Amino acid sequence: MNEQQLPALLELAADIQKELGKGAAKPYKDVINVSWGDPHRGGLKPLTFVRQVLAACFYPELLDSSKLPLDAKQRAEWLLERCEGSSVGCYTSTAGISDVVHRVSEFIRRRDGGVPSHPKNIFITCGSQWALTNILKILVDSEASPRAGVLVPAPGHSTTVWSVTGQGAVVVPYYLCEEEGWALKVEELQRALDSAEGVCKPVALYVINPGNPAGLVQSRESMEEVIRFASEKKLFLLADEVYQDYIYGEGSRFISYKKVVAEMGAPLSDSVQLASFHSASKGMMGECGLRGGYVELLNLDPAVMEYVYKIFSIGSCGSVSGQLALDIMSSPPQPGDSSYPLYEQEIQHIRSTLVHNVKTASEVLNRLPGLSCQPGDGGAFLFPRVDIPPKAIQRAQEAGIEPDTFYCVKLLEEAGVLVSPGCDFTQKEGTHHIRLCTLVCSDVFEELLRRLSNFQTNFMKDFS
């Protein structure tokens, strides 16, 4: 894997912002950063109920304040009663606060239409990626020969690649079909598996649904094919489902891998080994900094579960602030609660902003010369393809950087827009992309598209 390019771009963006602060003359007044999936960074406001409950948990004197609604104070009291010493500063059990774990389990059961969920199979962690790394520690023997391999989507999340290689395993990329809306094809999984022969022994298959950076949402039929494939090839299934709240494609809906496995019946429902991940960092909460995620495990041997517990115990426990956020995510205000009207209003605002941004971006990007964008059905990102002219590719080669990194540098310097280069996510050879986050307040996003439109037109002229 090539060295990631985004850190250097972030440094350049910081330098530009400093120059702007000193009065430097540029055709823009600020840098718009859509390189991260961070809603609050993008101007979307935190959910009021979440922050009220957290505030009271961290400063219990607020429980006597008339400024907080009754249900927020009741939730904070309930959570504090379940913290050791009635303090968020205390350790919790390894898997998390017991009653919070049970609420997460109940959330999963409701989401999956009654499919059983057992609290003993759930671990609350400092974000879903931390949980994934721990599961990889169990699956991968770093001293094995041949080395273990993990099938990973391309394009896919770069931090997952680091997690896999960090455990001593080999990344085996399988390419999503861009021409069909980034579809996941079982034939491509087989090609990837065949490519690993003589290189490594694949032990797991990692899927992202909804996708990141590609906004695919898998159909039930596609998921069943993947589950059968994993079963036949004896691969542990790793399902990253952190963007499950972000579904906006016509006819698309989120179905969890666990639900599909269960409804496929025996022997698959009793044998397919699955780890599914979710997070308070994504979804409608967008609380990236609180570091709250969970993993639910399915069909693991009891002896393995004991080892899982030991691995997770090394980190003592997940962030307590993240556990509090997960409790609210799992059990939000309901009709009749004093906070429900505002909570629902804020949720609908985030959803409508996301839908508006995706629709507008798709229309704008597909009108511009040299850009094309598959319509996203879910997730928080778009991954448009950039047809970079030969002259620009030559300039990139002279500078010793990837062509789409060269494009991102020019976009940042000339338009004040920071996006991630496609080379950071693995892409088919000869293609170039950029990733941009759509979880941004609408006025900022529209300004971003205006700048990008002007830049793209000039870029194609300058290098034609």
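Predicted model: local features only at pLDDT ≥ 70, side-chain atom pairs only at ≥ 80, totals over all residues.

Reader: What is the volume of the largest pocket?
Author: The lining of the largest pocket is made up of 30 residues, and W36, G37, H157, T159 and K282 lie nearest its centre. Elements that give two or more residues to this lining are α1 (6-21), α5 (128-139) and α6 (158-166). The volume of the largest pocket is about 570 Å³.

Reader: How many charged residues are in the lining of the largest pocket?
Author: Sorted by class, this lining has ten nonpolar and 13 polar residues. The charged residues in the lining of the largest pocket number seven.

Reader: Which element gives the most to the lining of the second largest pocket?
Author: The second largest pocket has a volume of about 480 Å³. Its lining has 19 residues, with F107, D245, M329, P332 and R351 nearest the centre. Two or more lining residues come from each of α4 (98-111), α12 (320-330) and α13 (340-365). With six residues, the element that gives the most is α13.

Reader: How do the residues lining the second largest pocket divide into nonpolar, polar and charged?
Author: The lining in question is that of 19 residues. By class, it divides into ten nonpolar, four polar and five charged.

Reader: How much space lies in the largest cavity?
Author: The structure holds six cavities of 30 Å³ or more. The largest cavity has 13 lining residues, and those nearest its centre are P153, L176, I208, G211 and L216. Ten of the lining residues are nonpolar, three are polar and none is charged. The space in the largest cavity is about 60 Å³.

Reader: What span does helix α8 reach from its first C-alpha to its last?
Author: Helix α8 covers residues 220-232, which is 13 residues. At 1.5 Å a residue, the expected span is 18 Å, and the helix comes close to that value. From first C-alpha to last, α8 reaches 18 Å.

Reader: Why do the buried residues of α8 lie on the same side of the helix?
Author: The buried residues of α8 are S222, M223, V226, I227, F229 and A230. They lie on the same side of α8 because they cover, around the axis, an arc of only 160 degrees.

Reader: Which exposed residues does the face of α8 turned away from its buried side carry?
Author: The buried residues of α8 pack against β3 (148-154), α7 (186-195), β5 (201-208), β6 (236-240) and α9 (257-264). Just after the helix, K234 takes a positive phi of about 55 degrees. On the face of α8 turned away from the buried side, the exposed residues are E221 and E232.

Reader: Is T405 buried or exposed?
Author: T405 sits in helix α15, residues 403-415. Leaving aside neighbours within four places in sequence, T405 is in contact with Q5, P421 and C423. Its relative accessible area is 4%, and the cut-off for a buried residue is under 20%. T405 is therefore buried.

Conventions: Residues numbered from 1 in each chain as written. Heavy atoms only, no water. 1 Å grid on protein atoms, 1.4 Å probe; cavity = no way out; pocket = protein on both sides within 12 Å on 5 of 7 lines; lining within 4 Å. Points joined across faces, edges and corners; volume = space filled by probe spheres on them. Nonpolar A, V, L, I, M, F, W, Y, C, P; charged D, E, K, R; others polar. Helix = DSSP H or I, 4+ residues; strand = E, 2+ residues; numbered from the N terminus. Expected span 1.5 Å × (residues − 1). Buried < 20%, exposed > 50% of the residue type's maximum accessible area, 1.4 Å probe, protein only. Arc of directions from axis to C-beta. Contact = heavy atoms within 4.5 Å.
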